Amino acid sequence: MDILLLQILNGLDKGSAYALIALGLTLIFGTLGVVNFAHGALFMIGAFCAVTLQRILNLSFITLDETQKDFLGQPLKVKTPYLEAWFGPETGGAIIDWSVPLAVLFAIPIMLAVGVIMERGLIKHFYSRPHADQILVTFGLAIVLQEIIKHYYGANPIQTPPPDAFKGSVDLGVMMGFDVNAIVYPLWRMIYFAFSTVIIAAVFAFLRFTTFGMVVRAGMADRETVGLLGIDIDRRFTIMFGLAAAVAGLAGVMYGPLNPPNYHMGMDFLVLSFVVVVVGGMGSLPGAVLAGFLLGILESFASTAWATTTIPGINQIVIYLVAIIILLTRPRGLMGRKGVMEE
Amino acid sequence: MSKSNVTRRGVLKTGSLAGAGLAIPTIFTASSVAAFTNEPTGGTVTLGFNVPQTGPYADEGGDELRAQKLAVEHLNGEGDGGMLNTFSSKALQGNGILGKKVGFVTGDTQTKSDAARASAKSMIEKDKVVMVNGGSSSGVAIAVQGLCQEAGIIFMAGLTHSNDTTGKDKKANGFRHFFNGYMSGAALAPVLKNAYGADRRAYHLTADYTWGWTQQESIQAATEAVGWETVNNVLTPLASTDFSAYIAPVLNSGADVLVLNHYGGNMINSLTNAVQFGLRDKMVNGKQFEIVVPLYSELMAAGAGENVQGVIGSMNWNWQLPDEGTKAFVKSFGEKYGRPPSNSAHTCYVQTLLYADAVTRAGSFNPCAVGEALEGFEFDGMGNGPTLYRADDHQCFKDVLVMKGKENPTNEYDTLEIVEVTPRAQVEYAPDHPMFAGGSLGECNAG
């Protein structure tokens, strides 16, 4: 029972990342009709927003410590962050410690700008082109973006730790009446799940309860008619692209403390996120979220020692296996609508 | 009426055979025009440095390349000479190799076996390299070693830690200076017993490929020999990025030690996940829970950040060693590049010098003569103490370092500290040891 709960928690956590990325993918596909293979790169850029802010907050001046030597036997160069010098070690250190939560605010305008520039500068020229062209150009863009990040940040992962207050784990099992250490779960993973839930709810609320969202939904259903009503739907769709980029970016910022960001992390998520979108149903936002969590939980269970011993390699194929079964039984995916991607 | 024996079918047959003959890569037919593959004829000799320049190990490959370039400089008499000043063999004089100026070309392994073979093949066929050196993965090393054997080229392996490289997949043309999984186990087990006691239960997470398998087998055998019990061994896909699903069940498995048979990004992520789950803060079986990372590298330690503090592992070499060879290399490398070298940089640098020295002592670039000069070669002054290149399997035997993540690092390079220098005698094994069985060196191939 405790293993079951533990893997459900893990699955929800993993599914959070899938759901956030798939949500953005679906938003872009549903509004603009573009299959965006650069969406994983947006997740990665978001994570590197946190790395960048961490470096900015850690900008330091150097003093020479004659009492210590470096690897060449020279006096050791000691770095002191300007923030600690200006505000004192405690306040300055606390600001640096909170670099990831602060990076959420830092990343929003950057990701919105990246999304809008990407859409206006490149992707809009491919609206009327076949999906294969869109896939090629966005996949190429993803490679260019990740190589740029690698050039400036290197190939090695870079730690973006959570604030000290959110490090470590909680013994949830004891709270539920299980033995000590039966269900121990990291605090930041629970925060990640809660954060994802809030973002997903906010996106749905935005589309559901605002006039802007209503117009966008109308445009998703019938773009031509909305245009005939004199509404500049293209401008709204551009903003939706920026919003989708911001969602992916925020998912990346918050993911950094779970697994240190590296230039390839977007690609690691991209294929799985596309499977999530297809399983959920192309163009269906609730489908993307549902499939994200569902496949995350399945992947988690398939990675247990019991599963891998019973069926070796199941952890590597389970998502694709389930995708095949779902698409065979429900060709439009879990919540796909008739007519989407069928013409 | 005259009758000809020439038929349409005969012409096609002959043409096909001739075409196929012409199409055979020159590396497999070189012996007909030269004494051996890529025999240098001009005033220069070209070495091939095949390292990951793209992909997840690009930083490690970059460090290897820096060291290889430094070795070429030293061989050509430029710079301060580095380890040439401390190397026990005095055959090299800083005038190239056998009087020929040393040049080099580079290839990108991408840490993929097929890409590594393709780049090595290109270096051998197009650039006429006499030796291939480098790499950051056992899968790549074994693949390139096989290619060099077929082509008649010496392969001086870079970072490869799988027992198989000089075990079941050993080749006469391949030589490994780096240590292996067995040696890590032999060095680590007594230190682990002293640090954590003999009554321990270990849970292994293992990267699902040749290196992971052989390291896990070695560590399990060595720790069980000192009294530890192995609770479980779970294979994790090499492409895994999040290990939470594998780590979550560890705490209630009854284990009190987690052994991470992971390297590079896998290790950084699995260690980060393990620390997140609070494993190191827990008491299990009345003991403090511990994590072990059997194979360390400086870049991995830097990537893992504070998670590495207090975690024990092993290394082939480290820049903090106090011997004269290490000091000379660290000075050369540090002054040129502004950072201390990694242990993968060290092994590539040493391998390049060892190859050049063997050619010089043999008086020939012929790979079989070079191989003979390396086999059974005893040397010192290269940072690892007295070292033997064993003839039976082309594995170097030398001291092994047991390391620990530093608790209070003073700068970005101060991530690990040396716990023990395990003497060579403790990590030696018989050539027919079961963990290395199943292959043979075969015959040297000169092309």
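Two residues are taken to be in contact when their C-beta atoms, placed from the backbone, lie within 7 Å of each other. The model on screen is a predicted one, and the predictor assigns the complex an ipTM of 0.88 together with a pTM of 0.88.

**Start with chain A.** Select chain A and switch to a cartoon view, in which 14 helices and 4 strands can be picked out. The C-alpha trace of this chain spans about 75 × 50 × 35 Å along its principal axes. Its radius of gyration is 22 Å, which agrees with the value near 20 Å that a compact globule of 343 residues would have. If you colour chain A by burial, 45% of its 343 residues count as buried. Among the contacts in chain A with a separation of 6 or more, 73% are made by residues 24 or more positions apart.

**Move to the interface.** Now select the residues of chain B that touch chain A: 40 residues of chain B are in contact with 40 residues of chain A. On the chain B side, the elements that contribute two or more residues are helix 2 (58-75), strand 7 (229-236), helix 7 (244-247), helix 8 (264-276), helix 9 (298-304) and helix 10 (324-337). Helix 8 of chain B supplies the largest share of that side, 5 residues. Coloured by class, the side of chain B that touches chain A shows 20 nonpolar, 14 polar and 6 charged residues.

**Divide chain B.** Next, select residues 44-179 and 319-398 of chain B as domain 1, and residues 182-315 as domain 2. The centres of these two domains of chain B, taken over C-alpha atoms, are separated by 30 Å. Where they meet, 15 residues of domain 1 of chain B are in contact with 16 residues of domain 2 of chain B. On the domain 1 side, two or more residues come from each of helix 2, helix 4 (138-151) and helix 11 (343-362) of chain B, and helix 4 of chain B gives the most, with 3 residues. By class, the residues on this side of domain 1 of chain B divide into 4 nonpolar, 8 polar and 3 charged.

**Finish with confidence.** Finally, colour chain B by pLDDT, which averages 91 over the chain, with 92% of the residues scoring at least 70. Which stretch of chain B stays under 50 in pLDDT? Select residues 20-32 of chain B, where pLDDT stays under 50 and for which the model has 11 contacts beyond four places in sequence.

How values were computed
Residues are numbered from 1 along each chain as its sequence is written. Chains are lettered from A and ligands numbered from 1 in the order in which they are written. This is a predicted model: local features need pLDDT of at least 70, side-chain atom pairs count only at pLDDT 80 or more; totals for chains, interfaces and linings use all residues. Ala, Val, Leu, Ile, Met, Phe, Trp, Tyr, Cys and Pro count as nonpolar, Asp, Glu, Lys and Arg as charged, and the others, Gly among them, as polar. Domain bounds come from an automatic or database domain assignment. pLDDT is the predictor's confidence in each residue, from 0 to 100. The radius of gyration is taken over C-alpha atoms; the globule rule is 2.2 Å times the number of residues to the power 0.38. A residue is buried if 20 or more other C-beta atoms lie within 10 Å of its own, exposed if 12 or fewer, and partly exposed in between; C-beta atoms are placed from the backbone.
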